[in-house]
Structures are given as C-alpha cells and as structure tokens.
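Welcome, and thanks for opening your viewer. Let's walk through a protein together, one selection at a time.

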Amino acid sequence: MRQIFENYTEEDFEVWKILFDRQMKQFPTHACHAYREGLKISNFETGIIPDFKETNEILQESTGWQLAVVPGIVPDYTFFELMANRRFPATTWLRKMKELDYLEEPDMFHDVFAHVPLLTNQHFVDFLEALSKIGLKYVGNDYAIELLSRVYWFTVEFGLIQEVEGLRIYGAGILSSAGETKFSLSEEPPKHAFNIEHMLDTPYRKDKFQVEYFITESYEQLYDSIPEIEKLLADKLETVA
C-alpha cells in the first residue's frame, strides 16, 4: 500500500489544520522536549498533510525508521513484525470534521502527527523495536499479547515523563487528543512511578480518558526495562501454564 496524496480533499486539509493548530497551542507547556524537537525535525506544518516520502527520508536519516502504510488496525503479527524491522504502521486516511474529538480507530493524525516526532529519538525507537521483538515471540498467545499491550499502552500511547520543567506528555494517544492532553496533566487522575509489574497488572480501556498514568524518568529507562519486561512476562505466563 502507499499514500495517494492527490486523493486528499479540502476537508482533509482543513481537519489536519484544525487538529494541528489546536494541539500546538498546548504543546509548549504539555508535550515533552523530545516530541517538540522531533516535531521540528519532521517539518510538520499547519494546513499541510505530511507526504510520507518526505517523512520517510527524514526518519531514515534520523533513526533508520520508516512509515509503512496500512489500512487500519492490523493483526498482531503484522504490527510487531513491522516495528521489529523499524517500520511504523500508519494509516493515510483522516477523520471527518464531525469526528474531531473522538475516533474508535486511529487515523493519520494519530499515527503520524502524534507518533512520528518521537520516532526521531533513538532511545525511544530502540525501546519500540525491542518491545516488538518480544511481541513476535508471543503472537498467538492471547494472554501474553494482552499483558504486553498494557506496557505498550501505558508507555508509547499514554506515557508521561518527568522533565526539568515539570511533568510532560510523550504518549501518542494523549498527544493526538486535545481533551486528554489537558486531563492527563491535571490533578484529577492518579499518576504512578514507572513500574513494569504494575503496568502488567493494570487493564485499560479505549473508549474514555485513562483513569491512571505512569511516569518515566527518561527514554533510557524505557529501553533499560526490556529485560525486566521479558522476565516478568515469562513469570506470569508460567503461573497460568
């Protein structure tokens, strides 16, 4: 599959502009430093839908990653196999104007605007690649994939990071949502220190704001947690064998 740029409509460009401008107003005080730097590297602009060819050139030069066009949510094997080979699955379609605030399935704004900037950070993509290689080992084991998806969910999608300026967002699921960008850093939801065992024991929901978040200290901490993830996952699977 490939991105067919000429198929984008006026509404698509307007949707990108509205979503882009809305998030950019919040990001100076809400988005993490690595994301903001990655946003500059990615050359994303208001009103201009990214061309995957240009984005892939940037990612290849930055960290050796690429975007791989997919129609939507893909099977576990495809998802992990792509990322284990440094290819991030991304859709090319954009939500409609009436869907600005909520989608059941991630669109291009989520996959590209929210994910791509951090794909320029080496420690982060090293974590993503290593986590995906673990996932490949367990494809077909629904319980193992469910547990591993919790780690992915509370880091890559809904992770927070402690920075010098204060608590910031690096999770793409938050960065693509205007409402959750505000909510996640408010006093309302509980926030926990980075803890793999706690994540593995914590189910999540996709149809509402998260009820709790986990805070990492650095992207190095994410990558360094890989051996612990492997061990704790194996331990939990052994108890149900």
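What percentage of the 241 residues of the protein chain count as buried? The share that counts as buried is 54%, where buried means under 20% relative accessible area, exposed over 50%, and partly exposed in between, with a 1.4 Å probe and protein chains only.

Before you click further, know that this is a predicted model: local features need pLDDT of at least 70, side-chain atom pairs count only at pLDDT 80 or more, and totals for chains, interfaces and linings use all residues. Residues are numbered from 1 along each chain as its sequence is written, and side-chain values use heavy atoms, with hydrogens and water left out.

**Stop 1: the whole chain**

Show the cartoon view. The protein chain has 12 helices and 6 strands; these are DSSP runs numbered from the N terminus, with helices being H or I of at least four residues and strands E of at least two. The chain's radius of gyration is 17 Å, close to the 18 Å that the globule rule gives for 241 residues, so it is as compact as a globular protein of that length. That radius is taken over C-alpha atoms, and the globule rule is 2.2 Å times the number of residues to the power 0.38. Along the principal axes, the C-alpha atoms fill a box of roughly 55 × 40 × 35 Å.

**Stop 2: helix H4**

Select residues 76-84, which make up helix H4. Here Phe80, Leu82, Met83 and Ala84 are buried. Just after H4, click on Arg86, which takes a positive phi of about 60 degrees.

**Stop 3: the largest pocket**

The largest pocket holds about 1,200 Å³ of space. To find its centre, select Pro106, His110, Trp153, Glu157 and Lys206, the closest to it of the 44 residues that line this pocket. A pocket is an open set of points on a 1 Å grid over the protein atoms alone, where a 1.4 Å probe fits, with protein on both sides within 12 Å along at least five of seven lines; lining residues have an atom within 4 Å of a point. Grid points are joined across faces, edges and corners, and the volume is the space filled by probe spheres set on the points.

Which element gives the most to this lining? Highlight H7, with 7 residues.

**Stop 4: His115**

Select His115, in the loop between H5 and H6. Is His115 buried or exposed? His115 is buried, with a relative accessible area of 4%. Leaving aside neighbours within four places in sequence, His115 is in contact (heavy atoms within 4.5 Å) with Phe88, His110, Tyr152, Val156, Glu157 and Ala172.

**Stop 5: Leu232**

Finish in helix H12 (residues 226-240), where Leu232 lies. Leu232 counts as buried at 16% relative accessibility. Not counting residues up to four places away in sequence, Leu232 touches Ile196, Glu197 and Leu200. Try the distance tool on Leu232 and Glu197: these residues are 35 apart in sequence and 7.0 Å apart in space, C-alpha to C-alpha.
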